[in-house]
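Subject: Structure for you to look at

Hello,

Here is the structure I said I would pass on. Please open it first, then read the notes below it.

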Amino acid sequence: MRCALSRTLEGAAITYPPADFLIMVGASQENRQPRPGDPMTEIDTKPRVKVSTKTERPRLHKVILVNDDYTPREFVVTVLKAEFRMSEDQAYRVMMTAHRRGACVVAVYARDIAETKATRATEAGRSKGYPLMFTTEPEE
Ligand code: TYC
């Protein structure tokens with residue numbers, strides 16, 4: 001609370017607010033023990049919200065081989081073996097699945113690895129003039 005010392009027209013010094021008011025505020029409101037029923041003593045101020053410390057793993061991303069009508073089967077198999085470290089047999093099955101169904105999930109990786117592999121594999125086809133396409137998408 002701010003108090004000011006000022007003078008009346010007659011020159012007598014007075015304080016504002018009056019001193020007896022200050023004493024009443026100090027003694028009756030601020031310095032006594034809180035009692036049940038006082039407005040503030042009934043309010044629970046404990047925080048009730050727990051902060052969660054769980055961290056979610058970043059989602060894995062699928063690399064998807066997309067079928068087209070022009071890239072030779074054997075070339076698709078070669079790319080799958082080179083970029084995704086597949087055996088001849090695995091690569092052939094994946095290529096045939098994409099060929100028959102339109103697309104096939106090749107593998108799943110962390111996002112940046114999936115994107116790098118898809119880009120490199122797509123570029124391998126492009127460098128030979130083929131429209132071979134690998135895409136990525138996050139796993140659910
Ligand atoms: N469909 C292509 C062909 O018949 C072969 C192929 C398979 C191409 C899978 C792309 O993702 C692919 N020559």
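In the shell around the ligand, α3 gives the most, with 3 residues. Helices (H or I, at least four residues) and strands (E, at least two) are DSSP runs, numbered from the N terminus.

Two remarks on the source. This is a predicted model, in which local features need pLDDT of at least 70 and side-chain atom pairs count only at pLDDT 80 or more, while totals for chains, interfaces and linings use all residues. Residues are numbered from 1 along each chain as its sequence is written.

The ligand

There are 13 residues around the ligand, and Leu65, Asn67, Thr71, Ala98 and His99 come nearest. A residue is near a molecule if its C-beta atom, placed from the backbone, lies within 6 Å of it. Two or more residues of this shell come from each of β3 (60–66), α2 (73–84) and α3 (88–101). By type, the shell has 7 nonpolar, 3 polar and 3 charged residues. Here Ala, Val, Leu, Ile, Met, Phe, Trp, Tyr, Cys and Pro count as nonpolar, Asp, Glu, Lys and Arg as charged, and the others, Gly among them, as polar.

The chain as a whole

The protein chain has 4 helices and 5 strands, in the order β-β-α-β-α-α-β-α-β from the N terminus on. Of its 140 residues, 15% count as buried. A residue is buried if 20 or more other C-beta atoms lie within 10 Å of its own, exposed if 12 or fewer, and partly exposed in between, with C-beta atoms placed from the backbone.

The core

In soluble globular proteins, nonpolar side chains tend to be buried together. The largest nonpolar core in this model has 16 residues, and Val76, Leu80, Val94 and Met95 have the most contacts inside it. Such a core is a set of buried Ala, Val, Leu, Ile, Met, Phe, Trp, Tyr and Cys residues joined through C-beta atoms within 7 Å. The elements β3, α2, α3 and α4 (111–126) each give two or more residues to this core. Leaving aside residues up to four places away in sequence, Leu80 touches Met86, Ala91, Val94, Met95 and Val106. Two residues are in contact if their C-beta atoms, placed from the backbone, lie within 7 Å.

Helix α3

Which residues of α3 are buried? They are Ala91, Val94, Met95 and Ala98. These cover an arc of only 100 degrees around the axis, so they lie on the same side of α3. The arc is that of the directions from the helix axis to the C-beta atoms. What covers them includes β3, α2 and β4 (103–110). The face turned away from this buried side carries the exposed residues Asp89, Arg100 and Arg101. Just after α3, Gly102 takes a positive phi of about 100 degrees.

Helix α4

The 16 residues of α4 should span 22 Å at 1.5 Å a residue, and its end C-alpha atoms are 22 Å apart, which agrees. The expected span is 1.5 Å times one less than the number of residues. Buried in α4 are Ala114, Ala118, Ala121 and Thr122. Their arc covers only 100 degrees around the axis, which puts them on the same side of α4. Asp112 and Arg126 are exposed on the other side of α4. Arg120 also lies in α4, and Arg120 counts as partly exposed because it has 13 C-beta neighbours inside 10 Å. Arg120 and Val79 are 41 residues apart in sequence and 9.4 Å apart in space, C-alpha to C-alpha.

Regards
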